Amino acid sequence: MESSQETIALAGNPNSGKTTLFNALTGSSAKVGNYAGVTIDLKHGEFHTPHGRKLTLVDLPGCYALDDSSPDQEIARAVLKGDHEKCPKPDLVISVIDASNLERHLQLTLQIIELDIPVIVALNMVDMAEKSGLRLDPVKLSEELGVPVVPIRADKGKGLIELKQAIAHPLPPASKPHWKTGDEKDRREFGLNVAQIAARRPDRQTSSSSDKIDAIALHPVLGWFCFLGIMFALFWSIFSFSSIPMGWIESLQELLVGQVEGAMAEGDFRDLITHGIIEGVGAVVIFLPQILMLFFFIGLMESSGYMARAAFLMDGFMSKVGLSGKAFLPLLSSYACAIPGVMATRTIDSAKERLVTIFVAPWMSCSARLPVYLLLVPMLLGGSEGGVTQAAIFMAIYVVGTLTAFLVARILRGRLGPDEVEHHFMLELPPYRLPQWGYIFRHVLDRGWAFLKNAGTIILAIMILLWAASTYPKSESDDPAEQLAHTVVGRVSAAIEPIVKPLGFDGRTGTAILTSFAAREVFVGSMAQLFHVEESDEETETRTHIRERLANETWADGSKMFTPAAVISLLIFYIYALQCLPTSAVVAREAGSWKWAVGQFIFMTVFAGVASLIVYQTITFFTG
Amino acid sequence: MPSTTVQDLKIDSLQSLSQAQVGCDFQIKVIEGPGCDQLRKLGFCETLQVRKLADGRNLICNVCGTRMAVSKELAEQVKVTPLEA
């Protein structure tokens, strides 16, 4: 980056369309969504003016005013005031305003003008505002404010050329405020006057289609039916629509194994490629369609505007555990991945509520747990996949994680004590919008690619190590079980077994759990490898066959190993265990202390082990 | 002992947004209380129109074209008067 390159900042209220404009100007694909608080950190990009001058564009988190207290809004304030360590004071600010709500959005624009920075107003979503009956006058607005005003529609790419032309070089001088600087009352009155002049509202408000949808979606009873119905449809779709692409991946895997076996002579190296790499990594990759499906549905919820409604519905419930509905947004994001979920807690005003939310966020079942659940849940149903029962069990798994998170939050919140300043629930409910399909598909592909990259790096490395550990040192015995017992894995399994047996697992399952502390998905690949030895050469490695093999596994006394009690115990362990180092790193950063992250890791791991133990022993006690 | 002013009597005669009837339009007359800064940042200002859309623990209203959900405690701090039909 040239040192002389000027910096332009995008500032505005939450959900005014800053990131959509950022993506449109820079060609980036930063996360967007139809709810307040999607952007929680700075995003940098570059773009060129029509005259070819390269500029740095910084997308700021949304804020309502420059004295807001939540951590994301503090970042915006620091940049605009020139106090941010990593970002210079911007040479120009594009103030993005939602044209439907000039009265509110103008207040921040006026505060930015007071900072003596050149400002250009990007009046976003003008056509939608006019459709609602508002009569806008951008020229009048520009005259009153003394800054250029450019009407745009960022999601459709309209008005971008005009906006770039407005950033003429040399940059315009800062505007002189027409109100008493620093006097909040005077500034507010000026803003309201300007809004009245530049945006004439219809005499009477009329009910919009969003109002009509909300009458059902936010109804105290019907709203819950809608919420649970949406969640159930999500889980049902994950199974029902993924079976065909999963079949393709299985076929590809079998084809690859066949090709390698046909081309290579029998030996350790062929075994490494077929059983170690293709089958181990393939056992995880096979769940890619379901991961994509999950992200697709989360993307739909985020861009349609439903996320804020879910938070609204949950507020009553959340208040009983000492959190607000606002904390439910980061928790909802954690269903996809705990990392953005933990980062999204920056939108929470109360520091104590934020800490508690960070602590419990990893208990929202993330996408990395999905392969484990997908392997284990059908084992409770005799191996059958799909259907309403499986969707109901899946939903129950998510509910168990969420309810436990709430319970722990309740205890923790009580221990941390009340806030010094009382925070009340307040949330903007954005209008429902048609999803931005382009963004959703790009986001889904990005997540899919990240999953495959993970499979091609961490999971591949662990599969190779695990193959070596389960192959060497070799014994002279021809019995596969004796051969495995002689290897490193066999010895580790034997050492672990006394510890994990009370939880219902044998040493191999214990070893698979150990490997999954690197990444949860590894468990499926590890199980495929570790329970592979007794398989005949003709069998093909598919997820159904892994389950069949696990279902047929027995203890030394001939009793079934993977009983419903053992499978439920395994599921419980994976619901609760925190097996994600990147999450711990982000927790340490966001909570400002490694102690918090280490404490969380130890607590969740011990909790998972104890919960598994109790569940297994209780079920076994009652079922014999 | 504090004396009651005309302004106090005027405020007392207003209803709060939490008491207001659902489905009706109102004009915001006074915002007072510990949450008034928070309310103003989110667009609740004196003289603006507000329509109450739903009641409950958190009520829903429309202020200048934006739907907002606010807690009953905050809505108690917004004093309104009905808009004449």
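A salt bridge here is a side-chain nitrogen of Lys or Arg within 4 Å of a carboxyl oxygen of Asp or Glu. Keep in mind that this is a predicted model.

Q: How many salt bridges are there over all chains, and which residue forms one with Arg187(A)?
A: Going by that rule, the count over all chains comes to 25 salt bridges. For Arg187(A), the closest N and O atoms of the pair are 3.2 Å apart, and the partner is Glu114(A).

Q: Why does the pair of Arg187(A) and Glu114(A) tie together parts that are apart in sequence, and by how many residues?
A: Arg187(A) belongs to helix α7 (residues 184-198) of chain A, while Glu114(A) belongs to helix α3 (residues 102-114) of chain A. The pair therefore ties together parts whose separation in sequence is 73 residues.

Q: Is Arg187(A) buried or exposed?
A: Buried means under 20% relative accessible area. Arg187(A) has a relative accessible area of 8%, so Arg187(A) is buried.

Q: Which residues form salt bridges with Arg153(A)?
A: One bridge goes to Asp127(A), with the closest N and O atoms 2.9 Å apart. Arg153(A) also forms a salt bridge at 2.8 Å between the closest N and O atoms, and there the partner is Asp155(A).

Q: Where does Arg153(A) lie, and which helix holds Asp127(A)?
A: Arg153(A) is in the loop between β7 (149-152) and α6 (160-166) of chain A. The pair ties together parts that are 26 residues apart in sequence, because Asp127(A) lies in helix α4 (residues 126-131) of chain A.

Q: Which of these count as buried or partly exposed: Asp127(A), Arg153(A) and Asp155(A)?
A: Asp127(A) has 31% relative accessibility, so it counts as partly exposed. Asp155(A) is partly exposed too, with a relative accessible area of 35%. With a relative accessible area of 11%, the buried one is Arg153(A).

Q: Which residues make the nonpolar surface patch, and what is its area?
A: The patch is made by Trp594(A), Val598(A), Phe601(A), Ile602(A), Val606(A), Val610(A) and Ile614(A). Its area is about 650 Å².

Q: Where does Val610(A) lie, and what is its relative accessible area?
A: Val610(A) sits in helix α27 (residues 594-623) of chain A. Val610(A) is partly exposed, and its relative accessible area is 42%.

Q: What separates the centres of domain 1 and domain 2 of chain A?
A: The domain assignment gives chain A domain 1 (7-200) and domain 2 (448-562). Taken over C-alpha atoms, the centres of domain 1 of chain A and domain 2 of chain A are separated by 56 Å.

Notes: Residues are numbered from 1 along each chain as its sequence is written. Chains are lettered from A and ligands numbered from 1 in the order in which they are written. This is a predicted model: local features need pLDDT of at least 70, side-chain atom pairs count only at pLDDT 80 or more; totals for chains, interfaces and linings use all residues. Side-chain values use heavy atoms; hydrogens and water are left out. Patches are made of residues with over 30% relative accessible area and no salt bridge: like charges are joined within 9 Å, nonpolar side chains (Val, Leu, Ile, Met, Phe, Trp, Tyr) within 5 Å. Accessible areas come from the Shrake-Rupley method with a 1.4 Å probe; for residues, only the protein chains shown count as cover. Helices (H or I, at least four residues) and strands (E, at least two) are DSSP runs, numbered from the N terminus. Buried means under 20% relative accessible area, exposed over 50%, partly exposed in between (1.4 Å probe, protein chains only). Domain bounds come from an automatic or database domain assignment.
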